[in-house]
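Here is a note for a first reading of this structure. Please keep the 3D view open and follow the points in order.

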Amino acid sequence: MPIASINPATGETLRTFEPLSDRELDEKVHLAFETFHSYRRTGFAERVPLMVRAAEILEREKQDFARLMTIEMGKPINAAVQEAEKCAWVCRYYAENAERHLADEIVETNATKSYVHFQPLGVVLAVMPWNFPFWQVFRFAAPALMAGNVGLLKHSSNVPQSALAIEDIFSRAGFPGGAFQTLLIGSDLVQRVLEDARVAAATLTGSEPAGRSVAGIAGKQIKKTVLELGGSDPFIVMPSADLEAAIATAVKARTINNGQSCIAAKRFIVHAQVYEEFEKRFVEAMKELRVGDPLDESIDIGPLATEQILNDLEEQVQVSVAAGAKILTGGGKYRPDDDLARGHFYEPTVLVDIPKDSPAYRDEIFGPVASLFRISSIDEAINLANATPFGLGSAAWTNDESEIRRCVDELEAGSVFINGMVASDPRLPFGGVKHSGYGRELSYFGIREFVNIKTVWIKSERA
């Protein structure tokens, strides 16, 4: 079956691609394996200029890459430009810091010399999602390539043009032909690639079921994996918070990328002392958001990426309402105008009075739908925040030092942001706990995920 690139704002099929044949797939895996044996011997002095050139291409052509992302998966054009810029940032970060992050670490023992040495693992399979079609890939590829690994990208099938564009960026930057390759294949062939003895490890960003599948396959092969899965991030607001800033950030945190972000705030847990004002102003702000053509720079929210995602979101809201939740605004599919009549749009939505047995209480809601909860203490806030199988990001708005400390210590998540919005940053480790996955991307933790951490112990009679 052809792999199709479809504009989610119009329903128009932009391009179709034939999946790789068995022979073509094997050739790409072979090329990656052969390339690794030579590429691993390059030094940082050789890799740095290549990664810097990749950053320069991203910066120079960011408008073109942004338009591609927008027409292929629907993110607002301004956000797409920012995504391209962020990809350049992560390339420059690892160009500047990889050698320091992987420098030998001297350890004093009874040996003449002992130290920790870092070496690349080999061919790494990256199974990536559609919601940040460039960023998710570059935050893996930049550290992996700088560490001396090579990459095979199995991107989401609805963003094939983005996948090919990324391969082309690395090629134009001067990386060897087998250092980074896109595999235009269906998800049914991931197992075959991962079971191939020439593939050393895998990383996946995606759904919990996809993570379980990849982890299970890799586990049988005893291969390293890093998983970044879903999230149902809490956004706590306590009485001491700057309410104006909290509300403005809450709207952005829920609707970033059309609400399709694993680290988007999804459950807003607000103290009773400020709840009424928060609810009123939050709902007003959600009502003011403009939904429409994502190529229009004045638009706040574009379409969801696929019709299936739209239908799944609609079902989650309907099931929650049937269970007892109430809609304060939104709650249905949206048709901006005739030109976009086939687009996958959903109204910015706010739900309250949400029962425990409903999807909006603890599941990941992937779209512009916010769940509001009223609580009366920091104890109740933390308990509710942790009442989900996920643990990716978390945010808390408070200026009370004891509450800050409790949120830092007790929120079950890979990150906690105090008086700010959860975001990924090349300088900080990124990842989750519980059903949100394991392992870390970014910072020096990320570049060390796909290396052999080798102990070196030398006894010598020479001084």
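1. In which strand is the place of D233? D233 sits in strand β10. A caution before going on: the model is a predicted one. Please read each point below with that in mind.

2. Is D233 buried or exposed? D233 has a relative accessible area of 2%. The cut-off for buried is under 20%, so D233 counts as buried. Leaving out residues up to four places away in sequence, D233 touches C262, I263, A264, A265, K266, R267, L392, G393, S394 and V422. D233 and R362 are separated by 129 residues in sequence, while their C-alpha atoms are 9.2 Å apart in space.

3. Next, the strand next to D233. β10 covers residues 233-237 and β11 covers residues 265-271. The two run parallel and are joined by five bridges. Within this pairing, A265 of β11 is the bridge partner of D233. A265 is also among the residues that D233 touches.

4. Now the sheet as a whole. β10 and β11 belong to an open sheet of seven strands. The order is β12-β15-β16-β11-β10-β18-β19, and the pairing is mixed. Which strands stand at the edges? They are β12 (326-329) and β19 (417-418). Each has a single partner strand, so one side of each is left without a neighbour in the sheet.

5. Helix α9 (residues 243-255) lies across β10, β11, β16 (369-375) and β18 (395-397). The angle between α9 and β10 is about 165°.

6. Move on to strand β8, residues 199-205. How many of its seven residues are buried? Six are, so β8 is largely enclosed by the rest of the structure. β8 pairs with strand β5 (residues 123-127) through five bridges, and the two run parallel. In that pairing, V127 stands opposite L204 in β8.

7. β8 also pairs with strand β9 (residues 224-228), again over five bridges and in the parallel sense. Here A201 stands opposite K224 in β9. The chain gets from β8 to β9 by way of helix α8 (residues 208-221), and this β-α-β crossover is right-handed.

8. T205 is a residue of β8 to check. T205 has 3% relative accessibility, so it counts as buried. Its contacts, setting aside neighbours within four places in sequence, are V127, M128, P129, Q136, R139, E228 and E441.

9. Two helices deserve a look as a pair. Helix α2 (residues 44-60) packs against helix α5 (residues 135-146) with the axes 10 Å apart and at about 160°. An angle over 145 degrees counts as roughly antiparallel, and α2 and α5 are therefore roughly antiparallel to each other. Which residues meet? F44, R47, V48, M51 and L58 in α2 meet F138, A141, A142, L145 and M146 in α5.

10. There is also an open sheet of three strands, in the order β3-β4-β22, with antiparallel pairing. β3 (105-106) and β22 (451-458) stand at its edges. Each has a single partner strand, so one side of each lacks a neighbour in the sheet. β3 is joined to β4 (residues 113-120) by two bridges. I106 stands opposite Y115 in β4.

11. Finally, two backbone angles to inspect. K434, in strand β20 (residues 433-434), has a phi near 55°, a positive value in a residue other than glycine. K434 is partly exposed, at 34% relative accessibility. L442 is not a glycine either, and its phi is positive at about 70°. L442 is found in the loop between β21 (437-438) and α15 (443-447). With a relative accessible area of 0%, L442 is buried.

How values were computed:
Residues are numbered from 1 along each chain as its sequence is written. This is a predicted model: local features need pLDDT of at least 70, side-chain atom pairs count only at pLDDT 80 or more; totals for chains, interfaces and linings use all residues. Side-chain values use heavy atoms; hydrogens and water are left out. Two strands pair if DSSP finds at least two bridges between them. Helices (H or I, at least four residues) and strands (E, at least two) are DSSP runs, numbered from the N terminus. Contact means heavy atoms within 4.5 Å. Axes are lines fitted to C-alpha atoms, for helices over the stretch in contact, and angles run from 0 to 180 degrees between N-to-C directions. Buried means under 20% relative accessible area, exposed over 50%, partly exposed in between (1.4 Å probe, protein chains only). A crossover is right-handed if, with the strands pointing away from the viewer, the path from the first strand over the helix to the second runs clockwise. Angles under 35 degrees count as roughly parallel, over 145 as roughly antiparallel, 65 to 115 as roughly perpendicular and the rest as oblique.
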